[in-house]
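Thanks for coming. Please have the sequence and the model open, and I will go through a few points.

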Amino acid sequence: MHAALLDPVAAPIENVRVAAFRIPTEAPESDGTLRWDATTLVVVEISGEGTTGLGYTYADAGVARVIEDSLGDVVRGREAVESPALWTEMFARLRNAGRQGASALAVSALDIALWDLRARCLRVPLVRLLGGARAELPVYGSGGFTSSSDAQLRAQFTGWAERGVTRFKMKIGRDRSRDPERVATARRTIGAEAELFIDANSAYARREALELGARLAEESDVRWFEQPLAPEDFAGLRWLRERLPAKMEVADGEYGYDLDYFRRVLAAEAVDVAMADLTRCGGITGFLKIAALCEAAAIPLSSHCAPALHVHPGCAVAPLRHAEYFHDHARIEAMLFDGVPELSGGKLRPDLTRPGHGLEFKWADAERFAV
């Protein structure tokens, strides 16, 4: 008898479906170095023997073409249980394109789908397959765009506070003369006990970041300074860490596409908290490897964006401190996916009644956004 008839995990992958969707933002948005008015979502489904696995990434529409043209043939005819081996083979197929950027984004989406399919074939929630480190995942509300008015910032942060959020992150660096007052407005809105984070998206030079960070730590009790410098400036990040007030942590890693980036940033002692995004860093396989590096280095990990996708892996890795509940992605996930975990008490909880990561894409609802 064929193995697939005895073992549901051995069912070969028959179909790969991929598409890109461009979803407008509620209003034009900006941070310290970029402006945008839409977010592109690349979705991939893989299926075999009547079971489907889902993965996605937030990326340029060209990433869908990479999956379709270069990676589909790697996984067709293979089994979801082979996901670690397929991860290596997918990167090998993209050798000449490099391991970062579009390559990493494409592999990430397919790797997520492979893990989801593997758990669904076993009829278990993904966190059970990965191994649980915690039952729920704390989040921080992330928004406060530089394009937002003070009233919009207050409304957004107040809304999260009403859902139990006690950590809040805002963008800075667009209008540096206004940053201290904008941050003070955020502090007055959330109160003295909540944690306040800032994200510069590489808007500053070293001494500018030091001066501003010290001021905001003193005036508004800011405890987290994300990506103050260019992400590859490990020496500058360490220089800044050593000079900022002790209570202010430096965080970076959202543009870490491969293990080598995280190995180097940790070896350089460039961050107090590493950030990883499984839609960029090689999917769940890459995220697990990065978590192991952080645990070995005794450095906490925080997940970046795509909150619904990080719930199961985030509950499975020991060094994870919290997840980013990014406004744009939380809105898209609620709009276009079923099974999205509800934010309650400032935490997200995996739905243990649904197999895999529990998400289902609403293809018909998304059609109007198709690229």
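Strand 8 and strand 9 (residues 273-276) run parallel and are joined by 2 bridges; strands count as paired if DSSP finds at least two bridges between them. Helices (H or I, at least four residues) and strands (E, at least two) are DSSP runs, numbered from the N terminus. In this pairing, Asp252 stands opposite Ala274 in strand 9. Right-handed means that, with the strands pointing away from the viewer, the path from the first strand over the helix to the second runs clockwise.

This is a predicted model: local features need pLDDT of at least 70, side-chain atom pairs count only at pLDDT 80 or more, and totals for chains, interfaces and linings use all residues. Residues are numbered from 1 along each chain as its sequence is written, and side-chain values use heavy atoms, with hydrogens and water left out.

Strand 8 (residues 249-252) also pairs in parallel with strand 7 (residues 222-226), through 3 bridges. Here Trp224 stands opposite Glu249 in strand 8. The chain goes from strand 7 to strand 8 by way of helix 9 (residues 234-241), and this β-α-β crossover is right-handed.

Now helix 11. Residues buried in helix 11 include Ile284, Phe287, Ile290 and Cys294, buried being under 20% relative accessible area (1.4 Å probe, protein chains only). Ala298 follows helix 11, with a positive phi near 60 degrees.

Last, confidence: pLDDT, from 0 to 100, averages 96 over the protein chain, and 97% of the residues score at least 70.

Note on methods: pLDDT is the predictor's confidence in each residue, from 0 to 100. Buried means under 20% relative accessible area, exposed over 50%, partly exposed in between (1.4 Å probe, protein chains only).
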